[in-house]
Amino acid sequence: MINVIDLYKSFNGQMVLDGINLEIPTGKITLVIGKSGVGKSVLLKHLIGLLKPDKGRVLIDDLDITRLSGRKLQEIRRRFAVLFQGGALFDSLNVFENVAFPLREKTRLPEAEIKRRVDERLEQMNLSLDVGKKFPDELSGGMKKRVALARAMIQEPEIILFDEPVTGLDPPMSNTVFHLIKKTHAVSNYTALVVAHDIPEVFQIADVVAMLHQGRIIAYCGPDEIQQHPDPVVQSFIRGEPDFLEA
């Protein structure tokens, strides 16, 4: 579904993406790993047209979005949802209103249908309907992540981008979030790109793993294969050796 071809991006003379080539297969979960500051979030922003590359192409179903703007780019973005690193919930809205927000902004569904869909998504995230009345500052970190995932999925997107989906969570809650991603993917079969550094737990949800290092993809294979990858840089990162620890 998504094909990144020879993508280059620099900021103030600092090369961040140095000829990225990456295929994100339809209906699969692709995981991108790499140390902090290597350009993972910059890559995500190119996939939805928030950044324009210095050179290269980003193809969505063979359509180069780097050449699009205005209404045509917005049409492509409607196919995406994003789960932001911090959740990005609106503090002034309760949980129900947060999850309903995309439906109210982008559709003309009646309130009864909006309520049905929101309640269904909250239940899917193992959240009680009473949680819908709470505000974000009343939620635990894990609950915020689940609410954010419910909101990301409320319009049944074709593609979901996950930016560090379990940052700040303890291991049990991280596993819960990973399980929910895997569960919702099995039901909806969306195309996913997950940026994460929670090794090896995140491997349980991935179909394909790509490692970004010094602006390039240096490994691209299945989660089992990458754990046996011969490149010492890949092995050092997976083992969490000092030079490859996330900041």
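Biologist: How much space lies in the largest pocket?
Modeller: About 690 Å³ lies in the largest pocket, a volume being the space filled by probe spheres set on grid points joined across faces, edges and corners. A pocket here is an open set of points on a 1 Å grid over the protein atoms alone, where a 1.4 Å probe fits, with protein on both sides within 12 Å along at least five of seven lines. This is a predicted model, in which local features need pLDDT of at least 70 and side-chain atom pairs pLDDT 80 or more, while totals for chains, interfaces and linings use all residues. Residues are numbered from 1 along each chain as its sequence is written, and side-chain values use heavy atoms, without hydrogens and water.

Biologist: Which residues lie nearest its centre?
Modeller: Of the 22 residues that line the largest pocket, Arg77, Phe80, Ala81, Val82 and Lys106 lie nearest its centre, where lining means having an atom within 4 Å of a point. Two or more lining residues come from each of α2 (70-77), β6 (80-83), α3 (95-106) and α5 (141-153), helices (H or I, at least four residues) and strands (E, at least two) being DSSP runs numbered from the N terminus.

Biologist: Switching to α1, why is it largely enclosed?
Modeller: Helix α1 (residues 40-47) is largely enclosed by the rest of the structure because 6 of its 8 residues are buried, meaning under 20% relative accessible area with a 1.4 Å probe, protein chains only.

Biologist: Which ones are buried?
Modeller: In α1 they are Lys40, Val42, Leu43, Leu44, His46 and Leu47, and the helix is followed by glycine 49, whose phi is positive, near 75 degrees.

Notes:
Buried means under 20% relative accessible area, exposed over 50%, partly exposed in between (1.4 Å probe, protein chains only).
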